[in-house]
Amino acid sequence: MLRFIEQIEGFAAIIPFTESVMPHSIFTRPGSLAFALGLAACSSLTSTTSIAPDEAFRLGGGQRGAFTVRGKNVGPVAIVVFTEVAGTRDSLLTVPAGGAVDASFPAQAMAVFKNTSSIVQASVAITVTGDIAALGMRYEKNATR
């Protein structure tokens with residue numbers, strides 16, 4: 001079944017695309033197609049990410065443009081933020097529990113959020129803006145750097 005996204009009083013909803021809704025689909029409703037295309041070009045995302053002990057969360061690496069990460073360490077342990085370009089990792093900042101994150105990353109760079117604890121899970125709430133079209137996300141186990 002195909003689906004499309006419809007704006008409803010400020011909220012986005014995924015609506016099944018069936019013959020019964022075809023007359024009201026993005027292809028026939030004025031402005032709906034433009035709205036759907038606007039979502040595709042959206043340049044921000046928000047996430048609360050948990051990071052297991054001795055692991056890291058990796059964000060980026062394939063994007064053509066720069067991106068910025070802003071947010072807060074909402075977990076009980078510190079997180080170290082690195083930038084990684086072409087396999088070279090540089091420490092940007094250490095964010096204590098409750099501390100703020102505000103870092104920018106150039107095209108092709110990866111943001112790495114490392115849990116400093118080998119026992120306790122970390123958690124970070126972030127908003128990413130900029131070129132997020134090809135932004136990869138994955139976890140790195142046994143992150144020792």
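Begin by selecting A86, which lies in the loop between β6 and β7; strands here are DSSP runs (E, at least two residues), numbered from the N terminus. This is a predicted model, in which local features need pLDDT of at least 70, side-chain atom pairs count only at pLDDT 80 or more, and totals for chains, interfaces and linings use all residues. Residues are numbered from 1 along each chain as its sequence is written, and side-chain values use heavy atoms, with hydrogens and water left out.

Although A86 is not a glycine, its phi is positive, at about 50°. A86 counts as exposed, with a relative accessibility of 80%, where exposed means over 50% relative accessible area, buried under 20%, and partly exposed in between (1.4 Å probe, protein chains only). The turn that holds A86 belongs to a hairpin made by β6 and β7, with 2 residues between the two strands.

Next, select β6, residues 79–85, a strand that is mostly covered, since 6 of its 7 residues are buried. On one pairing, β6 runs antiparallel to β7 and is joined to β7 by 7 bridges; two strands are said to pair if DSSP finds at least two bridges between them. On another, β6 and strand β9 (residues 110–115) pair in the antiparallel sense over 6 bridges. Show the side chain of V81 to link these pairings: V81 stands opposite L93 in β7, and its bridge partner in β9 is F113.

Now widen the selection to the whole sheet, an open one in which 5 strands follow the order β7-β6-β9-β4-β11 with antiparallel pairing. Its edge strands, each pairing on one side only, are β7 (88–95) and β11 (137–140). Neighbouring strands of this sheet are turned by 25° against each other on average, direction ignored, with axes taken as lines fitted to C-alpha atoms (for helices over the stretch in contact) and angles running from 0 to 180 degrees between N-to-C directions.

Finally, select D54, found in the loop between β3 (44–51) and β4. With a relative accessible area of 32%, D54 is partly exposed.

Conventions: Helices (H or I, at least four residues) and strands (E, at least two) are DSSP runs, numbered from the N terminus.
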